[in-house]
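Please open the model in your viewer and keep the sequence panel beside it. The stops below say what to select, one after another.

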Amino acid sequence: MAIITATRPVDRSSAAAPARARRGRKIRDNLTGYTFLAGAILCFAVFTWYPMVRGIIMSFQKTRRGVTTWVGLDNYTRIFADPSFWPAWKNTVYFTVLALVVGYAVPFFVAILLNELRHAKGYLRILVYLPVMLPPASALFLFKFYAYDPSDAGLFNAVLKFLHLPTSQWMQSPGATMPAMVIASTWMNMGSAVLIYLASLQNIPGELYEAAELDGAGLWRRIWNVTIPQTRLILGLLAMMQIVATMQVFVEPLILANGAGTQDSATTVAYLIYQHGFFQNDLNGAAALGVVMLGALAVFSAFYLRLTTKND
Amino acid sequence: MAQDSGSRTLISAAQLQRGKGKYVYWTLLTLVVLGFTLVFIGPLYWMVTGALKTGQEVAQTPPTLWPRHPNFSNYTSAWQNLNLGKLLFNTFYYAAGAVLFQLVLDTAAAYAFSKLRPALGNVILGAMLGTLMIPTIVLVVPQYVTVIDLPVLHLNMLDSPFAIWLPLVTNAFNIFLLKRFFDSIPDELMAAAQVDGAGPLRTLWSIVLPMSRPILGVVSIFAVTYVWKDFLWPKLVMPSPETRTVSVGIYAFSGGSSQNEIIAASVIAAIPTVIIFLIFQRNIMSGLTAGSVKG
């Protein structure tokens with residue numbers, strides 16, 4: 001491959017014309033460096049950097065019968081007028097918030113718990129991470145057909161019935177759709193967060209707990225005043241990453257709710273992008289929706305960074 | 001499994017070994033082990049055994065814990081009707097290619113950033129890492145448009161494995177992981193190799209790569225599981241039934257097949273990644289935390 005061309009012998013610059021030789025060597029070194037970079041740069045250029053720009057350009061254009069014209073904000077007005085637009089945003093934000101409450105607090109406390117246990121550590125770690133390794137389609141069909149079966153034979157309904165609690169229609173009831181999706185998503189994804197927390201918990205110096213205990217701090221106080229401040233950096237980082245990931249929720253509604261669910265109860269922004277781009281043959285509208293999402297995330301990130309850095 | 005000695009955690013070891021503490025600890029441990037097994041293995045058990053039941057038995061209340069007449073017909077019919085052999089082969093083929101392309105191109109790039117340091121290298125690295133901020137769903141549409149009509153070459157890459165392999169090279173996180181690992185290799189070692197007359201490629205091949213086996217393993221495992229788990233992108237760029245990945249194939253058949261057949265197919269699709277996990281769990285877990293902690 002191209003890399004082989006880079007194996008020139010290292011230039012040992014002669015003393016005769018040091019300046020020129022040094023410059024020649026510098027150019028050659030840079031050339032070598034860029035030969036190694038070429039493949040990656042090309043891939044980034046074609047499949048990431050160019051599409052980024054193109055997405056923004058596309059959102060102001062329209063292609064009809066092979067002719068591309070500028071249409072100003074037409075795509076944006078059409079996207080905003082889509083009756084599913086606001087439900088999609090509402091669902092996405094709802095999913096993100098719910099996933100944050102459940103999918104963020106649960107792994108943290110699971111990690112604290114696992115960190116305290118002195119036995120079966122390896123086993124528990126494997127268990128928590130196992131669902132992360134399943135293909136999401138596999139895991140979601142399991143939830144769809146077995147766990148969220150609305151009859152009494154469904155796994156969740158059987159458990160609820162056993163505990164004498166009211167059963168649910170799950171994906172068929174608009175109110176239960178989002179929580180059901182969050183449960184499935186948390187089960188599938190929490191493993192990586194737990195392991196990252198565990199690693200950062202192990203970096204907390206034991207003397208801090210020792211000192212806190214000597215000062216008479218109880219269990220909750222120790223968590224609140226030692227554990228959380230010591231892991232704050234990673235907590236903040238993961239919150240950010242999780243929000244960006246859950247804002248893009250797509251496979252869950254597609255498989256669990258056949259995309260939109262009943263009365264748009266499951267439609268998310270990511271699904272709407274997919275719907276516009278690949279079903280309604282409206283790639284430009286989908287690109288505009290993507291830009292709107294990017295904007296929303298940028299505003300959120302700026303706000304978030306400001307909030308978290310101000311505390312320092 | 002013994003404890004990692006020394007480091008104390010939230011609750012001191014002494015407290016857990018005495019009277020009431022000991023009692024509470026063992027109760028809690030039992031509860032956690034049972035609860036976690038139920039929550040994380042339970043659904044998988046339900047899935048594997050459910051596919052051994054008849055449709056009638058699955059729908060019956062209360063559900064049976066163990067199939068009355070376990071039969072593998074769901075598994076065999078899923079294998080045949082969904083052409084799972086072909087789907088699994090496709091997925092494996094895409095995963096293997098993804099590993100190869102990522103290892104060659106991302107390693108070369110990370111090596112250049114870490115050791116060769118060409119002019120403006122940091123700017124380019126920044127531009128690559130910046131793409132981590134862009135949500136993938138935002139890029140899907142323009143990426144798709146690019147892939148169906150490649151700029152300059154005007155090639156349509158649909159149904160070509162390169163449509164999966166090449167975009168996966170743009171994994172900035174891998175480049176970052178590899179670069180950080182290469183950074184820890186002392187420059188003196190590189191200088192020594194240079195004095196011995198080794199060029200950059202030779203140094204990479206005989207010095208850097210042999211030292212980097214753990215991180216290369218992590219990158220490979222992540223590449224395989226990523227391809228195995230990915231859904232939307234392969235669904236878009238592999239539209240023909242013959243080129244589908246296993247997840248997309250199962251989804252495509254989910255409308256027309258019986259529930260139990262789909263579940264059986266889901267079980268089969270999950271087996272390779274579960275096996276990979278059980279074999280490489282140590283590497284996977286260390287790789288997961290390598291990028292985030294420390295720093």
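At what angle do helix 1 of chain A and helix 7 of chain B pack, and how far apart are their axes? Select residues 18-58 of chain A and residues 136-148 of chain B: these two helices pack at an angle of about 105°, with their axes 8 Å apart. Axes here are lines fitted to C-alpha atoms, for helices over the stretch in contact, and angles run from 0 to 180 degrees between N-to-C directions. Helix 1 of chain A is therefore roughly perpendicular to helix 7 of chain B, a word used for angles of 65 to 115 degrees. Helices (H or I, at least four residues) and strands (E, at least two) are DSSP runs, numbered from the N terminus.

Before going on, note that this is a predicted model, in which local features need pLDDT of at least 70 and side-chain atom pairs count only at pLDDT 80 or more, while totals for chains, interfaces and linings use all residues. Residues are numbered from 1 along each chain as its sequence is written, and chains are lettered from A and ligands numbered from 1 in the order in which they are written.

Stay with the helix pair and show its contact residues, among them F47(A), Y50(A) and M58(A) on helix 1 of chain A, and L139(B), P142(B) and V145(B) on helix 7 of chain B. Two residues are in contact if their C-beta atoms, placed from the backbone, lie within 7 Å. The residues of this contact divide into 11 nonpolar, four polar and one charged; Ala, Val, Leu, Ile, Met, Phe, Trp, Tyr, Cys and Pro count as nonpolar, Asp, Glu, Lys and Arg as charged, and the others, Gly among them, as polar.

Now colour chain B by domain, with domain 1 at 13-73 and domain 2 at 77-290, bounds that come from an automatic or database domain assignment. Their centres, taken over C-alpha atoms, are separated by 34 Å, and the contact takes eight residues from domain 1 and seven residues from domain 2.

Terms used:
Angles under 35 degrees count as roughly parallel, over 145 as roughly antiparallel, 65 to 115 as roughly perpendicular and the rest as oblique.
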